Amino acid sequence: MGSGKVTSSVPSGSSGFQGKHVTVAGLGVSGVPAAKALHARGAIVTVVNDGDDARAREQAAELRALGITVRLGDGATLPEGTELIVTAPGWKPDKPLFTAAAEAGVPVWGDVELAWRLRGPDAAPWLAVTGTNGKTTTVQMLASILRAAGLRTAAVGNIGVSLLDVVLGDEPYRDLDVLAVELSSYQLHWAPSLRAHSAVVLNVAPDHLDWHGSMEAYAADKGRIYEGNRVACVYNAADKLTEDLVREADVEEGCRAIGFTLGTPGPSQLGVVEGILVDRAFVENRQKSAQELAEVSDINPPAPHNIANALAAAALARAFGVPAKAVRDGLRAFRPDAHRIAHVADLDGVAYIDDSKATNTHAAEASLAAYEPIVWIAGGLGKGATFDELVAKSAQRLRGAVLIGADRALIRDALARHAPEVPVVELDRTDTGAMLQAVTEARRLAQPGDTVLLAPACASMDMFTNYNQRGDAFAAAVRELGAGA
């Protein structure tokens, strides 16, 4: 790791925006609060938005009432005089607006960057988490551990809580000791000056490549989370790319590289020994001693990828000085959100598991690794992914597969190549009612002792509003079958 500090000539703090012409790109969850915050600090704000639907018009009316200019249906043209763009994280870097900004020398920030710039001098430090999978669970585990240590904290960021609301001191986010911050690759792309206390990249696997343009660009954006770290850069010892990103990061002098592993840890690592989570990083003599943190049985659920999440959360908490007892107590208190390897019911000796949150191949691989034998319900929007590696790694665990959604043929073809003996049912329908048929077919394929696993490896928007609705449909179908049993 390198060392050094990065400075910027772009204004920070509340006073740096007075009279500055700022364009906010996109309405919605991040755009509206960004526009309001900038306007309140004296900026001359223009909001541009691609859409012109009823929701956008409602938000535009709210902002116009404050004296903010809003242009609907025109997100491509750079407003004259723009000195800074603050963008919603989902806006792709190749949009014409950003091309024009680059040509004009106009910087582009995301809402996370704006929040970082606006935080006060005594603001709570950030413990930051990114990765292709496991971000939300790890951040929630981390917050639970920090609370168990008696610290005032909140899980914020990409988890659904605007960082602008947090740093501007709105209730209930005043006077916090530390923030557990989930950051997506989109947010990190637009956050050039973010400098966390400590951070982790949980894993890096192909995802959102249509947005980033390449795997290299995607990984580089994930790696931004390590830039300027003060205490610890936490990496996954089983994912070399995460360690490579640490090596490439420019950090504060004295910042340490801390690994986590599902095996026996070496010095400066956290790992697992005979069912015990142990720390050989934040102990006095890490060459010869280790600190017991918790038992694997304290983790809910104790699937391998969830143990890895717990180790990452523990590493960040220990970097912040949290005692070992709080790690154990925090993990025991943690309860996962819905649709994350959630046990729905047992019917005729078969377990039905909802992991609708497994929206890409990497997440599905972790879910499939936690059970055996499996009747797999998969499919949806593939987002440009390929499924050969996933199927090849999981083939021996499969009793059967039921495929749904727009890109189900991609999974069908991968199964034909790598698991030709596995029976496959392909449902040629994309309406929401297909889930009941899928669960019915899975029940027919399953035998006592099996697991019917919804781990789609795909996004949900071809059939459902989001992965939550998809998981709810799965659970409802299981309950319906159970009621008729």
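Visitor: Which residues form one aromatic cluster?
Guide: Trp91, Phe98 and Trp190 do. Keep in mind that this is a predicted model.

Visitor: OK. How is the pair Phe98 and Trp190 arranged?
Guide: Their rings are tilted, with 50° between the planes and 4.8 Å from centre to centre. Phe98 belongs to helix H3 (residues 96–104), while Trp190 is in the loop between helix H7 (185–189) and strand E10 (198–201), so this pair ties together parts that are 92 residues apart in sequence.

Visitor: Is Phe98 buried or exposed?
Guide: Phe98 is buried, at 5% relative accessibility. Trp190 counts as buried too, at 7%.

Visitor: And what sits over the ring of Trp91?
Guide: That's the charged end of Lys95, 4.7 Å from the ring centre. There's also Arg119, whose charged end sits over the ring of Trp116, 3.4 Å from its centre.

Visitor: How many aromatic pairs does the count come to?
Guide: Four. One of them is Phe17 with Trp109, an edge-to-face pair at 6.1 Å centre to centre and 85° between the planes. The partners come from distant parts of the chain: Phe17 from the loop between strand E1 (2–3) and strand E2 (21–25), Trp109 from strand E6 (residues 108–110). Phe17 is buried, with a relative accessible area of 0%, and Trp109 is buried at 2%.

Visitor: Switching to sheets. In what order do the nine strands of the open sheet come?
Guide: The order is E8-E9-E7-E10-E11-E13-E14-E15-E16, with mixed pairing. Strand E8 (153–157) and strand E16 (291–295) are at the edges with a single partner strand each, so one side of each has no neighbour in the sheet. On average, neighbouring strands here are turned by 20° against each other, ignoring direction.

Visitor: In which sense do E8 and E9 pair?
Guide: They pair in the parallel sense, over five bridges. Take Thr153: its bridge partner in E9 is Val178.

Visitor: Which helix lies across E7, E8 and E9?
Guide: Helix H5 (residues 135–148), and H5 runs at about 170° to E9. Over at E15 and E16, helix H12 (residues 324–333) lies across the strands, running at about 10° to E16.

Visitor: New topic: how many salt bridges does a search of the whole structure find?
Guide: It finds 26. Among them is Glu243 with Arg247, where the closest N and O atoms are 2.8 Å apart. These two are four residues apart in helix H10 (residues 240–248), which means about one helical turn separates them.

Visitor: Is Arg247 buried or exposed?
Guide: Arg247 is exposed, at 55% relative accessibility, whereas Glu243 is partly exposed at 22%.

Visitor: What does Glu441 form a salt bridge with?
Guide: With Arg444, the closest N and O atoms being 2.8 Å apart. Both are in helix H16 (residues 434–445), three residues apart, or about one helical turn. Arg444 is exposed, with a relative accessible area of 56%.

Visitor: And which residues do salt bridges that share partners join into one network?
Guide: Arg408, Arg412, Asp413, Glu426 and Asp428.

Visitor: Last one: where is Asn466?
Guide: Asn466 is in the loop between strand E22 (451–454) and helix H17 (467–483). Asn466 is partly exposed, at 29% relative accessibility. From its C-alpha to that of Gly330, 136 residues away along the chain, the separation is 29 Å.

Key
Residues are numbered from 1 along each chain as its sequence is written. This is a predicted model: local features need pLDDT of at least 70, side-chain atom pairs count only at pLDDT 80 or more; totals for chains, interfaces and linings use all residues. Side-chain values use heavy atoms; hydrogens and water are left out. Rings of Phe, Tyr and Trp (its six-membered ring) pair if their centres lie within 6.5 Å; planes under 30 degrees apart count as stacked, over 60 as edge-to-face and the rest as tilted. Buried means under 20% relative accessible area, exposed over 50%, partly exposed in between (1.4 Å probe, protein chains only). A charge sits over a ring if NZ of Lys or CZ of Arg is within 6 Å of the ring centre and within 35 degrees of the ring normal. Two strands pair if DSSP finds at least two bridges between them. Axes are lines fitted to C-alpha atoms, for helices over the stretch in contact, and angles run from 0 to 180 degrees between N-to-C directions. Contact means heavy atoms within 4.5 Å. A salt bridge is a side-chain nitrogen of Lys or Arg within 4 Å of a carboxyl oxygen of Asp or Glu.
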